[in-house]
Amino acid sequence: MQRRTPRWLVAGALAAVGALALTACGSGFNSSSGGTSSGLTSSKKALTVLIGSSGDAETAAVKSAVADWSSTSGTKATVTAANNLAQQLSQGFAANKPADVFYLSADAVAGYAANGSLLAYGDQLKNKSDFYPTLVKSFTYNGKFYCAPKDFSTLALEINDDMWKAAGLTDADVPTTWDQLEAVAKKLTTSKHVGLGIGGEYARVGAFMTQAGGNLMNDDSTKATANSAANVTGLTYAQKLAKDGVLKYAKDLGAGWGGEAFGKGLAAMTIEGNWITGGMQADYPNLKYSIHELPAGPAGKGTLQFTNCWGIAADSPNQTAALKLVEKLTSAGDQLAFSKAFGPMPSIQSAAGDWKSANPALVPFLDAAAYAHNVPTAKGAADVVTDFNSKIENLKTADIKAILDAEQKNLEALVK
Amino acid sequence: MSTTMRQPRRSGIRRGEAASGWLFTAPMIVLLGVFLVIPVLMALWVSFSDWGGRGSPFSSTVNFIGLKNYSTLLSGGGLAEQDFGTALKNNAWYVIFVVPLQTVVALFLAVMVNRQILRGRGFFRTAFYFPSVTSSVAITVLWLFLFSSTGAVNKLLTYVGIAGPNWFNDPRGVLHFGATSGPGYLTGPTVLGVSLWDWVGGPSVAMVGYILLAIFTTSGTFMLLFIAALQNLGGDVQEAAMMDGANGWQRFWRVTLPQLRPTLFTVLTLGLIGCWQVFDQIYAGTQGSPGKTTLTPAFLSYQAAFKNQEWGQGAAIAFLLFVIIVAFTLLQRWVLAERKVSRRRMRMYNIPPSSGTGPGQGASVDGAVLLAARGVARDDR
């Protein structure tokens, strides 16, 4: 008796505490603010903008753009740079208190769209038709255009000018076909440096797959195309270069990424995106290099593009204002300002001319937009890409057909 | 217990004692409930649900889906199963190397710094304990520098004529000894989507880096536990063993070590749990690469939930990990349990029949320690 009563009591107390905690968790789930005719919420609440910033330059640029918008629109907005964007976003969604506007990587869209966290506002954008169509495909899930592309990057070929001259090559020798690339890579390979040094991952090697006419998935990420003959051709070409010793992965050269191997002079050529310009300027300012479009493969030109979007939360109490903010942030003026501050390419076609004249050396990156392909964005595709990366780590000895068959199976499971 | 139950209700001055007892413990019970019990129960529910990470897991749109999350991980045949198998394989090798090695190193260090004749014992104790009090992220970053392809470790190795590996970028299993493909009877069959060839491959070179890191950081902590235990041992037993003629080595194995059994159990249990839950080093370091050979269940759980929005799977991994840890702890408890001295062992302590006493009438088993000490003495003759 002495013990039984308190035990019963404590069980009751625990249950009560539990119930309290759960109701506390459960409060505010069905709170919906006043809607408008477009189905968007609107209120007087201030907006929060969560960004995954590459550094102070980016944070400052976004802050000033958002502050400009606040002063003209009269809606307050604060910008926060996340330490770990994916984690902070997830916490916000789970707590029903997400940021109103946020950066979102292409491979994360499907996951958040599937659980209903995202507002599919794409079709309501005034500048919708101005975005590059392939970028729009990256952010289309289940037929709905979810979020506005923020900016994008493509892969191109960077060449070390001094090594190029030392090997007796001229401007006319810049490779435009696979055979030419192989030839110059051989000429550029010496005991001190390798011809072509790239990051050992799908996001670089995959460019060869697109040049052969393949890719892991189609541009909509609705169909797995991993084990196509084109992909085998593309990877076999890369494997041949590796076996000949003229292509090496950055990590095997003792570098963290292609840009580092290139900057340190361990590789005469590399394949990177337009972010390399910032890295070179900061770490290797004296290196002379030039940027060229990637050579064409058997199926013509091909490259990969990478992009982020401006997500708007489905639980945001002020979606109308958020939409207006996104329209402003994706306008030509703001995108060109961002580009000047931290380097990405504008996601709208109308800004292309201005961007090219402002960045003549980087034109090959933007020209590549015409034939660039998307990386897989289906829900869970990031895991398959990681798996693929782990399998091509030893490119020389890899069983290409077996790898692609395995990834085909994994990707098919995602789009079933 | 049963006697208190039968007692009549206490009266007078002791009345209300239980109530105030509960009152005093209430804050802690509430805290534990809110921050431990309820979250664990919520996670358990999530592991059986299709919650996608938005809003409350208890809202009406979330459905109970039974064991689906678990079956995807254990027999789904897809990438999820393969990743889980890979993570288990990696972590199992990590445990196999770290737990025994860190225990041995910790015990060795403890015995060394516990010796009376050692000068500057305080300095050594602090030095050995230092890695334990440093943040694991800081040590991981330090490790990444030390073990980079051109780092200090490889530099040292070149002095002895060894070309060091590219540590944290090298996915080769150390027990494969450089072989790139195995025999068909190993590469064919798979367990949890991972081929037997990969299972027996041992930790990757990158994982060896983490193993060294774990031994370096945790040995100090466990050394402290062993020192505390060693200082509690009475000198009389040692003296008795000495009188019986046991040398230092024998005294350690047959007298000191058996007395350390409870501490050994603590150290092994804590080591086992810590090793199966390894997360922060992986998170701060390689995040599963190279070739997924540093993927661990704890990191996989985080990745499944926060990156892939597969919250049910993430929670299921956490509970499978929990089951594994409990199973291993029970197993180890059974292995280390105190047992009666076996008949074979007993025979050693019997006085031979020639001296006049009958068999089976040897020393009485009054204290395992003294008995062990006597056994030592007999061996010595």
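**Exercise 1. The aromatic cluster of chain B**

Task: In this predicted model, which residues of chain B do ring pairs link into a cluster?

Solution. 
- Ring pairs join B:Trp51, B:Phe279, B:Tyr283, B:Phe299, B:Tyr302, B:Phe306 and B:Trp311.
- For context, a search over all chains of the whole structure gives 35 aromatic pairs.

**Exercise 2. Two ring pairs**

Task: Classify the pair A:Phe338 and A:Phe342 as stacked, edge-to-face or tilted. Then state whether each residue is buried or partly exposed.

Solution. 
- Start with the distance: the ring centres of A:Phe338 and A:Phe342 are 5.8 Å apart. Centres within 6.5 Å make a pair.
- Next take the planes of A:Phe338 and A:Phe342, which stand at 35°. Stacked needs planes under 30 degrees apart, and edge-to-face needs over 60. The pair of A:Phe338 and A:Phe342 is therefore tilted.
- A:Phe338 and A:Phe342 lie four residues apart in helix H13 (residues 332-342) of chain A, so about one helical turn separates them.
- A:Phe338 has a relative accessible area of 6% and is buried. A:Phe342, at 22%, is partly exposed.

Task: How is the pair B:Phe279 and B:Tyr283 arranged, and how exposed are B:Phe279 and B:Tyr283?

Solution. 
- The centres of B:Phe279 and B:Tyr283 are 5.5 Å apart.
- With 20° between the planes, the pair B:Phe279 and B:Tyr283 is stacked.
- B:Phe279 is partly exposed, with a relative accessible area of 25%. B:Tyr283 is also partly exposed, at 29%.
- B:Phe279 and B:Tyr283 both belong to the cluster of Exercise 1.

**Exercise 3. Helix packing in chain B**

Task: What is the relative orientation of H3(B) and H16(B), and which residues make their contact?

Solution. 
- Identify the helices: H3 covers residues 68-75 of chain B, and H16 covers residues 311-336 of chain B.
- Read the geometry. The axes of H3(B) and H16(B) are 9 Å apart and pack at an angle of about 70°.
- Angles of 65 to 115 degrees count as roughly perpendicular. H3(B) and H16(B) are therefore roughly perpendicular to each other.
- List the contact. H3(B) supplies B:Asn69, B:Tyr70, B:Thr72, B:Leu73 and B:Leu74. H16(B) supplies B:Gly312, B:Gln313, B:Ala316, B:Ile317, B:Phe319 and B:Leu320.
- Sort the contact residues of H3(B) and H16(B) by class: seven nonpolar, four polar and no charged.

**Exercise 4. Helix packing in chain A**

Task: How do the axes of H16(A) and H17(A) cross, and what classes of residue make up their contact?

Solution. 
- H16 spans residues 381-391 of chain A, and H17 spans residues 400-415 of chain A.
- The axes of H16 and H17 of chain A come within 10 Å and cross at roughly 170°.
- Over 145 degrees counts as roughly antiparallel. So H16(A) is roughly antiparallel to H17(A).
- On the H16(A) side, the contact has A:Ala381, A:Val384, A:Asp387, A:Phe388 and A:Lys391. On the H17(A) side stand A:Ile403, A:Leu404, A:Ala406, A:Glu407, A:Asn410, A:Leu411 and A:Leu414.
- By class, the contact of H16(A) with H17(A) has eight nonpolar, one polar and three charged residues.

**Exercise 5. A loop glycine**

Task: Where does B:Gly188 sit, and how far is its C-alpha atom from that of B:Leu88?

Solution. 
- B:Gly188 is in the loop between helix H8 (184-187) and strand E1 (190-191) of chain B.
- Its relative accessibility is 47%, so B:Gly188 counts as partly exposed.
- B:Gly188 and B:Leu88 are 100 residues apart along the chain, and their C-alpha atoms are separated by 19 Å.

**Exercise 6. Domains**

Task: Which stretches form the domains of chain A and of chain B, and what distance separates the domain centres in chain A and in chain B?

Solution. 
- In chain A, domain 1 is 7-153 + 306-374, and domain 2 is 154-304 + 376-415.
- The C-alpha centres of domain 1 and domain 2 of chain A are 30 Å apart.
- Their contact takes 25 residues from domain 1 of chain A and 29 residues from domain 2 of chain A.
- In chain B, domain 1 is 81-336 and domain 2 is 343-376. The C-alpha centres of domain 1 and domain 2 of chain B are separated by 39 Å.

How values were computed: Residues numbered from 1 in each chain as written. Chains lettered and ligands numbered in written order. Predicted model: local features only at pLDDT ≥ 70, side-chain atom pairs only at ≥ 80, totals over all residues. Heavy atoms only, no water. Domains from an automatic or database assignment. Axes fitted to C-alpha atoms, helices over the stretch in contact; angles between N-to-C directions. Helix = DSSP H or I, 4+ residues; strand = E, 2+ residues; numbered from the N terminus. Parallel < 35°, antiparallel > 145°, perpendicular 65-115°, else oblique. Contact = heavy atoms within 4.5 Å. Nonpolar A, V, L, I, M, F, W, Y, C, P; charged D, E, K, R; others polar. Phe/Tyr/Trp six-rings, centres within 6.5 Å; stacked < 30°, edge-to-face > 60°. Buried < 20%, exposed > 50% of the residue type's maximum accessible area, 1.4 Å probe, protein only.
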